[in-house]
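User: I am new to protein structures. Can you show me how to read one, feature by feature?

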Amino acid sequence: MNKIKINSPLTNETIQRINGMAQRENIIIVFNNTKGLKPDDLMKLNQNVTVSIIGGLDTKKEKFNNEHYQKRTYYSPKELISIINFFEKIERQLNPLWSELEKCMFVYQKICEYSNYDECEYNGRDAARNLLGVITGKSVCSGYAMIFKEAMDRINIRCYYQNREGHHGWNIVELEGKLYAIELTWDTYNKKDNKCGFRNFCRENRQKFYSNKHHDISTEKDEQEFDVTECPVPILQNALKKISQERIKRIPVENHNGIMTCSIVGQHIVIKDNIPYLQNGTTSNTFIRSDGSSFILIPTNKSNGRIREYIYLIYIPMSHTIQATRIYSEMDLLTNDKELRNNISNNLLSNQRIGRKINSYNGYVGYIEKNSTLRYYSPDVESSLNIYR
């Protein structure tokens, strides 16, 4: 087979060139990871094309520079589409304002609770020691370490794959400048009631971690002991609390002498003619769509310097409740410009679109520009936050 290393996302020109070569011989195209690869592009590849996702099996480490290990990196385009779909399903739920620790913890939890420790095969070959484990829902240690590294690579968190050859595999992850040890295998193997216990997530310092016989790399010339540290339990507990918050809250509306009110995030809401308003008399937070439906936006003053957080509230008359959820945008959604407000109400935050963003995605809504009904997204924001249109 002819191997071709590709250092950028697939383009139609590259696909045509690869398919032309694949008509004469089997081709392997090599990527460091799946970040930037799109299922629509993979579907265009010739059936004689195999895709290699190197991940943790970097040939810079001499022990991985052989076909035994490199075969673990090979996938058909169809297999790779299923793998990417798995990661994207998790990524769509990542809150743009979460810290690296919180994002890492959320991904760790989702993989742990989805999968089970076991040997498995897929399409007639070993699937427990590579990314195919996200299709089967089963993996062993080297597979979990490969899957976790791929997940981190995709969301721009630095992650290392370590391996005691023929014995065990694990990860080291860098979060906010500190190194931590990750043992996804053990938390998956020991979970109870299918709940992730996080007993092996950033819990050991260098001495304790590498003194464990399973992590003994004294004979591994390709490996090094990282200066990992233990993350304090209160910090982990706070992170877990944050990633476990309900995405949608329902608050009962109370009737006080014919006035329907409720309170949320320090704001008092009053309902008039089934339309929610701030009780202080401010009307600029209330938006009314052309179809008669309405909503309130309340800024939380939380941001990462680029993305702002808002509470999006609607009134449900049948249940006499306020439904509240957090949404994210680069723009000041509380603009006084009438044209922009109209576009926000009926396009950016239309009933159909906001429902999809809340129920299936992470609440990021993008932004909208004056004189346009189209929705706009910043490419670098999409890339760095794994945001989907």
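Predicted model: local features only at pLDDT ≥ 70, side-chain atom pairs only at ≥ 80, totals over all residues.

User: Which residues is Leu-10 in contact with, leaving aside its neighbours within four places in sequence?

Analyst: Leu-10 is in contact with Ile-15, Ile-18, Ile-29, Phe-31, Leu-37, Leu-42 and Leu-45, and also with Asp-41. Ile-29 is on that list. Ile-29 is also among the core members that touch the most others.

User: What does the second core include?

Analyst: The second core is separate and has 19 residues. Leu-297, Met-331, Leu-334 and Ile-344 are among them.

User: How do I read a pair of helices, such as H5 and H10?

Analyst: Look at the axes, then at the side chains. The axes of H5 and H10 (residues 233-243) come within 9 Å and cross at roughly 70°. Angles of 65 to 115 degrees count as roughly perpendicular, so H5 and H10 are roughly perpendicular to each other. Their crossing is right-handed.

User: Which residues of H5 and H10 meet?

Analyst: From H5 come Leu-101, Glu-102, Met-105, Phe-106 and Gln-109. From H10 come Ile-235, Leu-236, Ala-239, Leu-240, Lys-242 and Ile-243. This contact has 8 nonpolar residues, 1 polar and 2 charged.

User: Now the whole chain. How many helices and strands does the protein chain have?

Analyst: The chain has 13 helices and 22 strands. Its C-alpha trace spans about 75 × 55 × 35 Å along the principal axes. Of its 389 residues, 53% are buried. Next, take the contacts with a separation of 6 or more: 54% of them join residues 24 or more positions apart.

User: What should I know about phi?

Analyst: Most residues other than glycine have a negative phi. Asn-156 has a positive phi of about 65°. Phi of Asn-301 is near 70°, also a positive value.

User: Where are Asn-156 and Asn-301 found?

Analyst: Asn-156 is in the loop between helix H7 (141-154) and strand E9 (159-164). Asn-301 lies in a strand, E18, which covers residues 294-303.

Terms used:
Residues numbered from 1 in each chain as written. Heavy atoms only, no water. Core = buried A, V, L, I, M, F, W, Y, C linked by side-chain atoms within 4.5 Å. Buried < 20%, exposed > 50% of the residue type's maximum accessible area, 1.4 Å probe, protein only. Contact = heavy atoms within 4.5 Å. Axes fitted to C-alpha atoms, helices over the stretch in contact; angles between N-to-C directions. Helix = DSSP H or I, 4+ residues; strand = E, 2+ residues; numbered from the N terminus. Parallel < 35°, antiparallel > 145°, perpendicular 65-115°, else oblique. Left-handed = near helix turned anticlockwise from the far one by under 90°. Nonpolar A, V, L, I, M, F, W, Y, C, P; charged D, E, K, R; others polar.
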